[in-house]
Amino acid sequence: MPYRLGYACINATLRKNHKIRANRRAIKRTYEEKGLPHIGSLIEQNLNDLYKILEWNVENKIRVFRMSSDVTPWASEYRWSDLPNEQEVMRLFRKCGQYALDNDIRLSFHPGQFCVLASPKEHVIQNAISDLELHGRLMDAFLQPRSHLAKINIHLGGAYGDKQAAAKTFCKNFTRLSDAVKSRLTVENDDRTNLFSTKELYDYVYTNTGIPIVFDFHHHAIHPDGLSEQDGLALAFKTWQVRPCTHYSESRQLERGPTALLRAHSTLVYSEIQDHGQDFDCVVEAKGKELAILHHRRKWQNAAELIA
């Protein structure tokens, strides 16, 4: 089967035309003033809109989708059982997740940059573990498999001047995670030479933990570490026991010229995504979201996007 393209968090079409979004948040003051009834209402709205996004994706033959971590705002501050609308919230979790399972939609999460298991500071590690465990509970609530088909993807987050030592810290802290997270956790190559390439993740992390590597095409182009795109992709795919997943974006310089930040993402995808003879899923991280996929489909008539 050819590769399948998906996108992350926001459907630009639905948000612009119908105000549909699955990432409503509340500032701290609002949370403190309005409390859990308000938060529960936001979660309910987010999940109802997530279902609509998933329906749109199926209608448009898009089977890969990264959910927003903001689907449950302030989730570290309460238990779902504390919500006054707990039963409805849990029903909506199951409804969205079952719809994804029934329609072969691959769901994932990508916790943010402050989720750093390689940190030398224990409080940072504790916060990262708490964040990851939340995402594990979310995946369970969505009825998603405890496998890398439902990936929770992170960067190592820092090398602190010694990549091997930082990777060793990461691997040690990986053992502190529950199975809900361990069974889903993946790591991604970085776009800076002082951070981790695909090869370094393979040598320092995968060989010690078995954690799969999410190959990011754009990051690899900036930090290839001596590997061609084809070889980097093949090395990353050796780490997967299920269908691999990748990330794809292109530089903002394609749209704004050489003064734009090389690492910044373009709005659309302008080149044909090369599969190098491999089958995989791919989260397109272009700023145009689903519009970038539709543009790629029209330009390249990609049969991969026409799979029912």
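Which residues is Asn57 in contact with, leaving aside its neighbours within four places in sequence? Here are some notes that settle this and a few related points.

1. First, the ground rules. This is a predicted model, in which local features need pLDDT of at least 70 and side-chain atom pairs count only at pLDDT 80 or more, while totals for chains, interfaces and linings use all residues. Residues are numbered from 1 along each chain as its sequence is written, and side-chain values use heavy atoms, with hydrogens and water left out.

2. Back to Asn57: apart from neighbours within four places in sequence, Asn57 is in contact with Tyr7, Asn11, Ile62 and Phe65 (contact means heavy atoms within 4.5 Å). Asn57 sits in helix H2 and is buried, with a relative accessible area of 0% (buried is under 20%, exposed over 50%, partly exposed in between, with a 1.4 Å probe and protein chains only).

3. On the overall fold, the protein has eleven helices and eight strands (DSSP runs numbered from the N terminus: helices are H or I of at least four residues, strands E of at least two). The radius of gyration is 19 Å, close to the 19 Å from the globule rule for 308 residues, so the protein is as compact as a globular protein of that length (taken over C-alpha atoms; the rule is 2.2 Å times the number of residues to the power 0.38). Buried residues make up 55% of the 308.

4. Now the sheet. The eight strands form an open, parallel sheet in the order S3-S2-S1-S8-S7-S6-S5-S4 (two strands pair if DSSP finds at least two bridges between them). Strands S3 (106-108) and S4 (152-154) stand at the edges with a single partner strand each, so one side of each is left without a neighbour in the sheet. S2 (residues 64-66) and S3 pair over three bridges, and Val64 has Arg106 of S3 as its bridge partner.

5. Helix H7 (residues 198-209) packs on this sheet, touching S5 (185-188) and S6 (213-216), and its direction makes about 170 degrees with that of S6 (axes are lines fitted to C-alpha atoms, for helices over the stretch in contact; angles run from 0 to 180 degrees between N-to-C directions).

6. Finally, the largest nonpolar core has 86 residues, and Leu117, Phe170 and Leu185 have the most contacts inside it (a core is a set of buried Ala, Val, Leu, Ile, Met, Phe, Trp, Tyr and Cys residues joined through side-chain atoms within 4.5 Å). Helix H2 gives the most to this core, with eleven residues.
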